[in-house]
Amino acid sequence: MKIFGHCVVWFLAFCAVLVSPVILIFGVPLAVGIGTELVEAGAGPILAVLMTSTVATLLVRRQPVRTFAKTMLRSATSGRDTKRLIAGTAARQAAKSIS
């Protein structure tokens, strides 16, 4: 039964590799066509406002990269792991600067 499970996983992976180019070949023109239809339908200005408001919000709320990274690390891990992750990153950076 164990070998059957391995064969099924390999078969599915092989099928995914074979199908993925087909999805890309047909998916990209489909996405372009859908985007064109949305613009022709009058949704272009609405989409432009939504995209530019997102960019404007990111620019207004811009903060230093290091502060942003620390915030993301703190939110992604528990309190005790954060110090270890930051110390490990600092140690790697120090090792790179020495060599």
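**Figure 1. Gly44 and its contacts.** Gly44 touches Leu38 and Val39, with residues up to four places away in sequence left out of the count. The view comes from a predicted model. Gly44 sits in helix H1. Its relative accessible area is 17%. Buried means under 20%, so Gly44 counts as buried. Buried residues make up 2% of the 99 residues in the chain.

**Figure 2. Two cysteines, Cys7 and Cys15.** Cys7 has a relative accessible area of 45%. Cys15 stands at 27%. Partly exposed covers the range between the buried limit of 20% and the exposed limit of 50%. Cys7 is therefore partly exposed, and so is Cys15. A disulfide is a covalent bond between the sulfur atoms of two cysteines. The structure holds 0 disulfides.

**Figure 3. The helices of the chain.** The chain has 3 helices and 0 strands. Read from the N terminus, the order is α-α-α. Helix H1 spans residues 2-60. Helix H3 spans residues 79-98. The accessible surface of the chain comes to about 8,800 Å². Carbon and sulfur atoms account for 75% of that surface.

**Figure 4. Confidence along the chain.** The mean pLDDT of the chain is 76. A value of 70 or more is reached by 62% of its residues. Confidence is highest in helix H1, with a mean of 86. It is lowest in helix H3, where the mean is 58. Where pLDDT is low, the predicted coordinates should not be read in detail.

Methods: Residues are numbered from 1 along each chain as its sequence is written. This is a predicted model: local features need pLDDT of at least 70, side-chain atom pairs count only at pLDDT 80 or more; totals for chains, interfaces and linings use all residues. Side-chain values use heavy atoms; hydrogens and water are left out. pLDDT is the predictor's confidence in each residue, from 0 to 100. Helices (H or I, at least four residues) and strands (E, at least two) are DSSP runs, numbered from the N terminus. A disulfide is a pair of cysteine sulfur atoms within 2.5 Å. Buried means under 20% relative accessible area, exposed over 50%, partly exposed in between (1.4 Å probe, protein chains only). Accessible areas come from the Shrake-Rupley method with a 1.4 Å probe; for residues, only the protein chains shown count as cover. Contact means heavy atoms within 4.5 Å.
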